[in-house]
Amino acid sequence: MSPLLEMTGVRKRYGGVQALDGAALTAVRGEVHALLGPNGSGKSTLDKTLAGTVVPDSGEIRIDGAAARIGGPRDAHALGVAAVYQQLSIVGDLTVTQNVVLGLEPARRWGFLDHRAARARAAAALDRFAAAFPGGLPLDRPAGSLGPGEQQIVEVAKALARGPRILVLDEATASLHKEQVAVLFDVVRELRASGVLVVFTSHRLDEVFALCDRATVLRNGRTVGTVELAATDEAELVRLMVGDAPRRSGAPAAAARPSPSAGAAATLEVRGLTTERLRDVGFTVRAGEVLGLGGLQGQGQSELLLALFGAARVTAGEALLDGRPLPLTSPAGAARAGVALVPGDRGRQGMFAARPIQENLSLASMHRRARLRLALGAAAERRAARSMVERLGIKIGSLADPVSTLSGGNQQKVVIGKWLLDRPRVVLLDDPTKGVDVAAKEEIYAIVRGLADDGVVVILNSSDNRELTELSDRVLVLFEGAVAEELSAAAITEKRLVAGALRLTPGESP
Amino acid sequence: MSAPSLEAPRRVLAWRPGPVALAGAVAVALVIAGEIVSPGFAGYGQLVNLMRVAAFLGVIAIGQTIVIIAGGGGVDLSVGKVATFAAIIGSRVMAGEDGDLVPAVALALLVSAAIGLVNGLGVTLLRIPPFVMTLGMIGVVQGLILAYTGGRASGQAAPALTSLVNGRVIFDLPGLLFLWLLLGLLAVWLLRRTTFGWNLFAVGANRTAAELTGVRVNRTLILAYVLSATFAGLAGILLLGYTESVFLDLADQYMLPSVAAVVIGGTLLAGGVGGYAGTAVGAIVLTVLSGLLTTLDIGGAGRTVVNGVVLLVLLSLYGRQRRLRS
């Protein structure tokens, strides 16, 4: 049988990052095909290329043997491709019916909407999921009033209302309950029986084995293989995802640095930390130690850092710094207590794009230098900012230039630098090298090592497993908001990180 | 790590005039145009007079600048009413006596600050949009004025206040202009050389990032509204010194011009970018324009149209400049 979908040589570059570097995917009619890979392997980008929300730099896509040009979501729809992502495209104020038919509202003459037909169409699409709505189909309720799992189901129904030949499900099960997952899987199996190709991505490996026929594994934007899942075990998948490449720089971080003596006073102790997205997280980090946070992205790593910085609503648990409780209620309180956060989204959370580099650097620490906590001395602020520019090697024109004029790596150094001026005792870094070039990456690594050497507690979330192996003394692997595994020293390898992220028991990993 | 970075050579950019320079040029052009159509318009005495009128708007617009820089749709529509209320309280308490000047001014400013505090609490804690909150406050203050005066303003400015505002100091310039200069310098210092000012710009430029940098965002916003109402109250007191007696809508008409002066001065309505120097120039532009229209004997309808057109032309110029620079 000729393949329904053939993608070959797909390349996509975002700034300095090659997200896809010749990825390929071949799948046939009536198949559930998994797309697997570690963080940053390019699976989401490949999904989006197929759905038309990302236009690749080069590459060929053939659907049913014919070359397909997908320049946008409309093209994808016309070719019979529909996609569902973890992030919803539901409009909360519209009813479920309106959401399902959005973009293909049935119309009568002169463009008047045919409400009855719309309702019938939505009912048909949702009927397959009836078991997920015990109270009956909520056709006329505002979609925003549904629970997150139900909204996700509506999203899938919306995709199915388009009668696709190819359905992309990218982490579409993340917010579903067990029963809802079962309903969805039944629908997917029906679709398979009727000849639809389903491309499936999930961080839950058990779901992949339960549902999928074959899997294509991506690594660093390249396809490394396609396997029959019935004839493959988890260890083989991990081997494909990580590869046999030797560790790049030899010694792990713990060996490169004198490991903090076991007897040193525990500096940061976290007990039973629970928020909307975290479940009972506890650990201890000593001064001078780098604690890595691993796992697939979005498993609660950012939430943990925000919670420690007082920026997430903590429902239970506490954090002690040198035995004294940290205020987890406001970022201002956390900052005063000596905690610093370099957030994951630099543009939205970390910097003031329109403001001068000077102010961006001064802001977190200026109250220390101000007279009466109010009056700033221009010379003192300049000296402070300049000292950071030199210490971190930030390449700038003038301190008065807006920070938006800098390159990504230099912007990130400004965000880090504003905290170093505050001499923090705990530094929380949320994927600090995301989207920065290789040279700046190495410089940021040097800053992180320098902080640990100075006796600062460093907690580093990274979507890059290699970064975790190079920098961390210990790694907590998170899965769905809880600590799934703790790796230390020699056990921090990319293989163990990927295995932990997929929640395979340590014994099974090769 | 690369070599310690010294300052890279400054980028050589063709200088493009910023909003402040553009607005200044417009002010000068208006004065010249006035002199051409009506010789004597640019005479010394006439210009001093225009500056004196601009001063009241300039002082009210200090607070408006602060609130608009704070971003998030920040605007204080109640400044005119608050200024009126402050003048009414001041005139009644001082009742033409120099001895009661200080307590009268203190009470007027205290009441103004309290109104600003309520605005700030409404905007932060109750999350009422600033536009709605301060619009509603106009009604509240109007009610307070009626209750306080019973519909008839009474009292009179103390002679000391009048001579402070109107008395000629040097170069035959009234004291008011020196007071404006002083308050203007205070505003510039507050915005550019204090932790409050830098926090304010940070909150306006990116509220989430400000929160995550440990800035106490709500405290900064509340203080912005308190300052706005206080400067408005101060302008009301100065206006009282100028007019000597009050009426029930003394400063009401400053509401929209105060916003226009800020915008003409190049402060972004979106917040996070701007400053007081521009606002001061904006106040002068608006005043000169209005003087010119009076000289030309253009009626109310025509004036409104011309005012609007000038504002639109300036704003479109600023937008163009920003695009050229980026």
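Chain A contributes 50 residues and chain B 29 residues to the contact between them, where contact means heavy atoms within 4.5 Å. The model is predicted, with local features needing pLDDT of at least 70 and side-chain atom pairs counting only at pLDDT 80 or more, while totals for chains, interfaces and linings use all residues. Residues are numbered from 1 along each chain as its sequence is written, chains are lettered from A in the order in which they are written, and side-chain values use heavy atoms, with hydrogens and water left out.

**Interface of chain A and chain B**

- About 3,100 Å² is buried between chain A and chain B, and carbon and sulfur atoms give 62% of this area. Buried area is the accessible area (1.4 Å probe) that two parts lose on being put together, summed over both.
- On the side of chain A, the residues that lose the most area to chain B are A:Phe352, A:Arg355 and A:Leu376, together 17% of what that side buries.
- The rule finds eight residue pairs in polar contact across this interface, both residues at pLDDT 80 or more. A polar contact is a pair of N or O atoms within 3.5 Å; within protein, one must be able to donate a hydrogen and the other to accept it, and residues adjacent in sequence count only if both atoms are side-chain atoms.
- Several helices of chain A each supply at least two residues of the side that touches chain B, among them H11 (331-336), H12 (346-350) and H16 (408-420). Helices are DSSP runs (H or I, at least four residues), numbered from the N terminus.
- H15(A) provides the largest share of that side, seven residues.
- By class, the side of chain A that touches chain B has 25 nonpolar, twelve polar and 13 charged residues. Ala, Val, Leu, Ile, Met, Phe, Trp, Tyr, Cys and Pro count as nonpolar, Asp, Glu, Lys and Arg as charged, and the others, Gly among them, as polar.

**Salt bridges**

- Over all chains the count is 28 salt bridges, each a side-chain nitrogen of Lys or Arg within 4 Å of a carboxyl oxygen of Asp or Glu.
- Across the interface of chain A and chain B, the rule finds zero salt bridges.
- A:Asp140 and A:Arg119 form a salt bridge, their closest N and O atoms being 2.9 Å apart. A:Asp140 lies in the loop between H4 (115-127) and H5 (148-160) of chain A, and A:Arg119 in helix H4 of chain A, 21 residues apart.

**Confidence**

- The average pLDDT (the predictor's confidence in each residue, from 0 to 100) is 88 for chain A and 90 for chain B.
- Residues 246-256 of chain A have pLDDT below 50, and residues 1-14 of chain B stay under 50.
- Where pLDDT is low, the predicted coordinates should not be read in detail.
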